[in-house]
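Please read them beside the sequence and the coordinates.

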Amino acid sequence: MQRISADKWYEVRRLADDVTAIGEPYIQEFYRCNIWHVRGRDRDMLVDSGMGVVSLREWVPVVTERDLIAVASHTHFDHIGCHHEFECRAVHAAEADLLANPTRQNTLADPYVTDEIFDALPPEPYCSACYAVKRAPATRILQDGDVIDLGDRVFEVIHTPGHSPGGIALWEARTATLFSGDILYDGPLIEDTYHANAQDYVASMERLLRLPVRIVHGGHFPSFDGARYRQLIRAWLEGKGRIVPPA
């Protein structure tokens with residue numbers, strides 16, 4: 001399989017509201033984590049950090065321009081691969097031990113990381129069988145209701161267990177923007193990981209439905225608007241046999 005040089009590994013797109021989307025286009029879409037950079041007045045925020053097969057700090061200048069907090073929406077391999085590169089790292093308490101002590105098994109690298117998840121491989125010496133997330137102990141432990149303050153922007157931490165026990169979403173009420181992680185995106189949701197919980201998943205979705213969301217930046221697949229957000233959650237809950245109140 002073809003190998004891609006480090007300088008071509010990442011794709012960077014500037015969106016509205018001082019949000020930058022960083023992607024790894026040679027990873028197949030289902031496995032490709034969305035990396036989100038948010039500009040603040042006093043500091044910036046990074047939501048997730050990709051697989052870590054190519055350095056973010058070395059090859060994506062926007063993540064090194066200013067003081068930055070790297071937040072993990074959860075601790076699966078595709079979301080925390082470059083967290084070790086950042087001095088300030090935040091994760092929910094329920095997955096702090098996993099961020100500090102990752103293994104191929106507890107990050108789901110085993111069984112998912114194989115050459116088949118790539119359309120082209122990272123530069124040498126990358127090896128799928130050897131791949132492992134580097135430990136990145138949190139410098140800040142998050143709980144539900146905490147806030148991440150960027151100076152002129154404030155994001156509330158919403159604990160959204162279900163996909164994983166320490167999954168979080170980040171909610172900016174002023175702009176009605178939600179960074180949803182893997183609890184919700186516009187694609188096939190994963191509800192059967194080793195530490196998923198079906199009851200928690202339902203409760204998280206019911207809670208999210210109450211937010212007056214305008215735009216969603218999910219853990220995978222393209223961003224979408226509030227109408228699609230409510231449509232996706234309602235359809236998912238109805239599929240679980242839940243009675244959803246009228247809009």
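1. In what order do the six strands of the open sheet run, and with what pairing? The model is a predicted one, and in it the order is β8-β9-β10-β11-β12-β13, with mixed pairing. The edge positions are held by β8 (147–149) and β13 (224–225); each has a single partner strand, so one side of each is left without a neighbour in the sheet.

2. At the β8 end, β8 pairs with strand β9 (residues 154–159) in the antiparallel sense, over three bridges. One of the residue pairs can be named: Asp149 has Val154 of β9 as its bridge partner. The two strands make a hairpin with four residues between them, and Gly151 in that turn has a positive phi of about 105°.

3. Strand β9 also pairs with strand β10 (residues 168–172), again in the antiparallel sense. This pairing runs over four bridges, and Ile168 in β10 is the bridge partner of His159.

4. Glu156 deserves a separate comment. The residue is found in strand β9. Glu156 and Glu172 are 16 residues apart in sequence, yet their C-alpha atoms are 6.4 Å apart in space.

5. At the β13 end, strand β12 (residues 215–218) and β13 pair in the antiparallel sense over two bridges. Here Val216 has Phe224 of β13 as its bridge partner.

6. On the nonpolar interior: in soluble globular proteins, nonpolar side chains tend to be buried together. The largest nonpolar core in this model has 37 residues, and those with the most contacts inside it are Tyr10, Ile22, Leu46, Met51, Leu56, Val63 and Tyr131. The elements giving two or more residues to this core are β5 (68–71), α2 (77–80) and α3 (96–100). A second, separate core of 25 residues includes Tyr185, Leu208, Tyr229 and Leu237.

7. Which residues does Val63 touch, not counting those up to four places away in sequence? The contacts of Val63 are Ile22, His37, Leu46, Leu56, Arg57, Leu68 and Phe86. Among these, Ile22, Leu46 and Leu56 are also listed with the most contacts inside the largest core.

8. On open space: the largest pocket holds about 410 Å³. Of the 22 residues that line the pocket, Gly52, Val53, Val54, Ser55 and Lys134 lie nearest its centre. By class, the pocket lining has 14 nonpolar, four polar and four charged residues.

Note on methods: Residues numbered from 1 in each chain as written. Predicted model: local features only at pLDDT ≥ 70, side-chain atom pairs only at ≥ 80, totals over all residues. Heavy atoms only, no water. 1 Å grid on protein atoms, 1.4 Å probe; cavity = no way out; pocket = protein on both sides within 12 Å on 5 of 7 lines; lining within 4 Å. Points joined across faces, edges and corners; volume = space filled by probe spheres on them. Nonpolar A, V, L, I, M, F, W, Y, C, P; charged D, E, K, R; others polar. Pairing = 2+ DSSP bridges. Core = buried A, V, L, I, M, F, W, Y, C linked by side-chain atoms within 4.5 Å. Buried < 20%, exposed > 50% of the residue type's maximum accessible area, 1.4 Å probe, protein only. Contact = heavy atoms within 4.5 Å.
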